[in-house]
Amino acid sequence: VAESSPNSFRGFFTAISQTAILWGLALAIATVVLTQKVLPEEIFKTWGWRIPFLLSATATAFSFYSRKKISESKPFFELLRDGKTSKQPIQDCLVQVENRRTILFTIFGITAGHGALQYTSLLYAWYFLRSVLHVNPNTTNISIFLMALFCIPLFPIVGAISDRIGRKRLMQIGLLLGFF
């Protein structure tokens with residue numbers, strides 16, 4: 001998405017693709033809640049809890065199929081045409097010390113922080129509501145479902161902001177705010 005988007009809309013379009021995480025969470029919660037509502041409690045506890053997993057396998061197969069149908073980006077085909085692709089891209093990236101620093105910073109400085117914030121806001125919030133505050137499981141599920149739906153339109157908005165002020169600055173602000 002990032003390679004195919006115009007520079008002035010790269011954050012916006014990339015953010016739209018990132019909403020898949022929230023759509024997946026919302027769909028998973030909706031599937032569990034609906035399965036619990038349709039099946040008697042005893043049946044859900046014995047074997048019915050497997051139904052959402054089976055449905056997720058279908059979604060995974062669809063995702064895999066869809067991804068296989070997506071073509072590479074135009075810039076990649078241009079590199080391929082010009083013979084500028086690498087036969088050993090990982091090794092080529094790691095040869096220069098500066099590349100190694102950038103990779104380590106990206107993995108441990110940005111990606112780890114982003115992952116921790118995402119895990120905390122999406123999954124730990126669910127655990128905290130249920131296990132620490134002892135909120136009713138159905139209320140917890142619906143709350144997290146609504147939170148996911150609320151956040152979906154925010155992703156493209158924040159992506160558009162990143163197109164205006166820069167992704168690096170926005171990520172720094174977001175990680176800093178998330179830390180507190």
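How many aromatic pairs does the count come to? The count comes to six aromatic pairs, where rings of Phe, Tyr and Trp (its six-membered ring) pair if their centres lie within 6.5 Å. The model is predicted, so local features need pLDDT of at least 70 and side-chain atom pairs count only at pLDDT 80 or more, while totals for chains, interfaces and linings use all residues. Residues are numbered from 1 along each chain as its sequence is written, and side-chain values use heavy atoms, with hydrogens and water left out.

**Figure 1. Aromatic cluster of F9, F12 and F13.**
Ring pairs link F9, F12 and F13 into a cluster. The pair of F9 and F13 is tilted, because the ring centres are 6.2 Å apart and the planes stand at 55 degrees; planes under 30 degrees apart count as stacked, over 60 as edge-to-face and the rest as tilted. F12 and F13 form an edge-to-face pair, with 5.2 Å from centre to centre and 70 degrees between the planes. F9 counts as partly exposed at 43% relative accessibility, F13 is partly exposed with a relative accessible area of 35%, and F12 is partly exposed at 27%. Buried means under 20% relative accessible area, exposed over 50%, and partly exposed in between (1.4 Å probe, protein chains only).

The largest pocket has a volume of about 1,200 Å³. A pocket is an open set of points on a 1 Å grid over the protein atoms alone, where a 1.4 Å probe fits, with protein on both sides within 12 Å along at least five of seven lines; lining residues have an atom within 4 Å of a point. The volume is the space filled by probe spheres set on the points. Of the 32 lining residues, H114, F155, V158, L170 and M171 lie nearest the centre of the largest pocket. At least two lining residues come from each of α1 (10-38), α6 (97-132), α7 (137-151), α8 (154-165) and α9 (167-179), and α6 gives the most, with nine residues. By class, the lining of the largest pocket divides into 17 nonpolar, 13 polar and two charged residues. Asp, Glu, Lys and Arg count as charged, Ala, Val, Leu, Ile, Met, Phe, Trp, Tyr, Cys and Pro as nonpolar, and the others, Gly among them, as polar.

**Figure 2. The second largest pocket and its lining.**
About 410 Å³ of space lies in the second largest pocket. Its lining comprises 15 residues, of which S17, S63, S66, R67 and I70 lie nearest the centre. The elements giving two or more residues to this lining are α1 and α3 (50-69), and the largest share, five residues, comes from α3. Five nonpolar, seven polar and three charged residues make up the lining of the second largest pocket.

**Figure 3. Setting of the close-up views in the chain.**
The secondary structure of the chain comes to nine helices and zero strands; helices (H or I, at least four residues) and strands (E, at least two) are DSSP runs, numbered from the N terminus. The C-alpha atoms fill a box of roughly 60 × 40 × 30 Å along the principal axes. Buried residues make up 15% of the 180 residues in the chain.
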